[in-house]
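Please look over the chain shown here before reading on. The report below takes up its overall form and then a single element of it.

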Amino acid sequence: MRNLTLGGVAVRVGVVLLCVLWFIPTLGLLVSSFRDEADVKSSGWWTVFTDPFDVSRWTFDSYSQVLESGMANAFVNSLVVSVPATVLPIMIAAFAAYAFTFMRFPGRNVLFMLIVGLLVIPLQVAFVPLLSLFSDYDLNGTFLAVWLAHTAFGMPLAVYILRNYMAGLPQEIIESAEIDGASHFQTFWRLIVPMSVPALAAFAIFQFLWVWNDLLVALIFLGAGDNEVVTITLRDLIGDRGQEWHLLTAGAFITMTVPLLVFFSLQRYFVRGLTAGSVKG
């Protein structure tokens, strides 16, 4: 019992140390975002703790410059891109996962393996064909192009997560619905979707964070300009020669607000959604 207690204390101390080490760079970023440009470039962020109550050492200038540089518009654009690009693959993948789990049709397992196999294919190989396809329909540079691209890239993982979760749901409930005369559509919306909220929320976190923090896909299919997202604006903040890097600290914390809100609002479903279906019995 004594060894178990010591082991538990060691684990807790180790976890605390890891959290502190992980938090230190973020703390430095936060402190730097409230410092003057000259101070940021001449001394380390930890020097503020020699006299932390000296208000002359703190400023909001970086945040003002970031917002004036177009970050506010880019913030709205990122929401316009991220929300549909998260909802669309969830909706489509949920229907597909239900079909792969509860419906019987020829080639079901082969088709599922092909979809899961797409997880190992780099998304970069699809850029040229998609650019050519979108160009034929004048979609390049529009939000629709980014929605379609992110939906396609996120579908394999979504189908995989949701199908594994649905496979662990009680089969008796589905059979009872069939006996009562419920159609597949009714069973899906009234039974499967409410019971699959943890898995849906887990994937929503993954997909939203991926889309919100994405630079490559947004740069290729959307580009800079009036429709640019926060990652493109952040890239431009640093300047041509990297001389404005102090603005990245403020810009980073502005862009962190929505992902943190999404994660903490859905975190109670996160572990449940990822581990469901991994153990049966």
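Helices (H or I, at least four residues) and strands (E, at least two) are DSSP runs that are numbered from the N terminus. Just after helix α5, Asp-138 takes a positive phi of about 55°. This is a predicted model, in which local features need pLDDT of at least 70 and side-chain atom pairs count only at pLDDT 80 or more, while totals for chains, interfaces and linings use all residues. Residues are numbered from 1 along each chain as its sequence is written, and side-chain values use heavy atoms, with hydrogens and water left out.

The chain holds 12 helices and 0 strands. With a radius of gyration of 24 Å, well over the 19 Å that the globule rule gives for 281 residues, the chain is more spread out than a compact globule; the radius is taken over C-alpha atoms, and the rule is 2.2 Å times the number of residues to the power 0.38. The C-alpha trace spans about 75 × 70 × 30 Å along its principal axes.

Buried means under 20% relative accessible area and exposed over 50%, with partly exposed in between (1.4 Å probe, protein chains only).

| Residues of α5 | State |
|---|---|
| Phe-127, Leu-130, Phe-134 | buried, under 20% |
| Val-128, Asp-136 | exposed, over 50% |

What covers them includes α6 (143-167) and α10 (216-221), by contact, meaning heavy atoms within 4.5 Å.
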